[in-house]
Number of protein chains: 4
Amino acid sequence: MIQTRAQVTVRYAETDMMGIVYHGNYLPWFEVARTQLLKEQGFPYRQLETDGYRIPVLEVGARFLRPALYDDLLIVVATIREKPLLRIRIDYEVFREGELLATGHSAHAFCDKTGQPTRPPAAFVAKMKEAFK
Amino acid sequence: MIQTRAQVTVRYAETDMMGIVYHGNYLPWFEVARTQLLKEQGFPYRQLETDGYRIPVLEVGARFLRPALYDDLLIVVATIREKPLLRIRIDYEVFREGELLATGHSAHAFCDKTGQPTRPPAAFVAKMKEAFK
Amino acid sequence: MIQTRAQVTVRYAETDMMGIVYHGNYLPWFEVARTQLLKEQGFPYRQLETDGYRIPVLEVGARFLRPALYDDLLIVVATIREKPLLRIRIDYEVFREGELLATGHSAHAFCDKTGQPTRPPAAFVAKMKEAFK
Amino acid sequence: MIQTRAQVTVRYAETDMMGIVYHGNYLPWFEVARTQLLKEQGFPYRQLETDGYRIPVLEVGARFLRPALYDDLLIVVATIREKPLLRIRIDYEVFREGELLATGHSAHAFCDKTGQPTRPPAAFVAKMKEAFK
């Protein structure tokens, strides 16, 4: 299992007229945690793009249990539970002081610059092999 | 079945450095189609809020098949396939010139101003009864 | 003078917890009108980018007179008042049923792919010469 | 002079197809710094809203000198240079490792829940008097 905990503070821009965070604004938070997870594993996404890789989002989902509010300090936990093969699945949980506000997941595949599926870098494959042995 | 077809033109703001639309920006498009669907059924969401109702998003999901690009003219089809009971489920399909780019769904429940689940307005229940008889 | 009138319907995603449109969300509307203006003049921005040009925003400003609300149908007027030389200045006015809600402006320069200032395409220069003679 | 330095890391969602941050996305960063500045002065905006105040944006402006990129760690400096009377003016500077990327400003006024201009809370007036004596 690979996991990271990212911090996010809710921006006013992320709220809507219901007085809570607009549901679509959780997706960039998932991305913040994903960016941190890849960086901690030694694969900053910015470097991956420079090296010619893209990891587009193939699928995303989220469930909203309790509303997040302006200026809340949130923890976004991102977890890879299974060894990524062709697909990388990441699960997310959003907490405020230990209270679970939302869950989600995303699925990704390594692509080249033209958007065609491609093999992940060898170092990434090796790292995942080690993490999930 | 209740269905509507909303038009959206992709904004530059909605693209990301991959050169395509950022996945999170499909969710506001689903919302555009949802707004139109409710309005066509006689229940403008703005009026519903004035009347004290909220219809928060409980769950959302999307699959991305082909990228949408800046200035693309898209059709977002929103469909209610089953008579809504406690939950309203809406399905979405995003097309560009007949080509399916993405699918998605959202689930909602009628709530009062405080966020507590409540019965939909009687007129809404009657309308759904008629539509799905 | 070159002018266009673009239509925008306010999305729920564009509101904030003050119950009105978040001020930052006017900027994509300015961009919608700008896109339409360039297209009407025969220079779709998407084509300009394909041809190797970029027209980044150098400066932007806005004044907010009255709030825009969810589901409002707005008219965004974009105007080039002076013949663009090195800089292109565009002014914006946002109306709801004839009522002025906001004004703004943006300044742009033609650049190449690397972000270096460059001459506009000859056809653009000719078109502006004709429009402002 | 009242000043704060807020940290922002650029999200992928904030970039556009030009490969840099979309200009409109600097405005939420200004807001992040503004939120921090008010909090440090003892007036968390969330509390101000609870107390019945609103501080809408009357005017905003920004100049973009150098592009910000995905995953950049930025410092957003927010400064109140003059004692706020009816209007509060805040200036912003966005830095990446000491390099100035953008400048901006916003103007605000205290309003009540209905959007009518009102006097700031007495404690705020006292605090500003002290800061700018």
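Let's start with a helix in chain D. Helix α1 of chain D covers residues 26-40, which makes 15 residues. At 1.5 Å a residue, α1(D) should span 21 Å, and its end C-alpha atoms are 21 Å apart, so the two agree. Keep in mind that this is a predicted model.

Which residues of α1(D) are buried? They are D:Tyr26, D:Leu27, D:Trp29, D:Phe30, D:Glu31, D:Ala33, D:Arg34, D:Thr35, D:Leu37 and D:Leu38. A helix has 3.6 residues a turn, so residues three or four places apart point the same way. What covers the buried residues of α1(D)? The cover includes strands β1 (2-9), β2 (57-64), β3 (73-80), β4 (88-96) and β5 (99-108) of chain D, along with α2 (45-50). After α1(D) comes D:Gly42, with a positive phi near 95°.

Now to chain B, and a strand. Strand β3 of chain B runs from residue 73 to residue 80. Its covered face holds B:Leu74, B:Val76, B:Ala78 and B:Ile80. Its uncovered face holds B:Leu73, B:Ile75, B:Val77 and B:Thr79. In a regular strand, side chains alternate between the two faces of the sheet.

What does β3(B) pair with? One partner is strand β1 of chain B, residues 2-9, antiparallel and joined by eight bridges. There, B:Ala6 has B:Val76 as its bridge partner. Another partner is strand β4 of chain B, residues 88-96, also antiparallel, with five bridges.

Next, where chains A and B meet. How many residues of chain B are in contact with chain A? There are 17, and they touch 17 residues of chain A. On the chain B side, α1 (26-40) and β2 (57-64) each give two or more residues. β2(B) gives the most, with eight residues. By type, that side of chain B divides into 10 nonpolar, four polar and three charged residues.

The strands meet here too. β2 of chain A, residues 57-64, pairs with β2(B) in the antiparallel sense over five bridges. In this pairing, A:Glu59 stands opposite B:Arg63.

Last, chains B and C. Turn chain C by 180°, with a shift of 0.0 Å along the axis, and it can be laid on chain B with an RMSD of 0.0 Å. The two copies are therefore related as by a two-fold rotation axis. Which C-alpha of chain C is nearest the axis? That of C:Val8, at 5.2 Å from it. And the same surface serves both copies, as 100% of the contact residues of chain C recur in chain B.

Definitions and conventions
Residues are numbered from 1 along each chain as its sequence is written. Chains are lettered from A and ligands numbered from 1 in the order in which they are written. This is a predicted model: local features need pLDDT of at least 70, side-chain atom pairs count only at pLDDT 80 or more; totals for chains, interfaces and linings use all residues. Helices (H or I, at least four residues) and strands (E, at least two) are DSSP runs, numbered from the N terminus. The expected span of a helix is 1.5 Å times one less than its number of residues. A residue is buried if 20 or more other C-beta atoms lie within 10 Å of its own, exposed if 12 or fewer, and partly exposed in between; C-beta atoms are placed from the backbone. Two residues are in contact if their C-beta atoms, placed from the backbone, lie within 7 Å. Ala, Val, Leu, Ile, Met, Phe, Trp, Tyr, Cys and Pro count as nonpolar, Asp, Glu, Lys and Arg as charged, and the others, Gly among them, as polar. Two strands pair if DSSP finds at least two bridges between them. Copies are superposed by least squares on the C-alpha atoms of residues with pLDDT of at least 70 in both.
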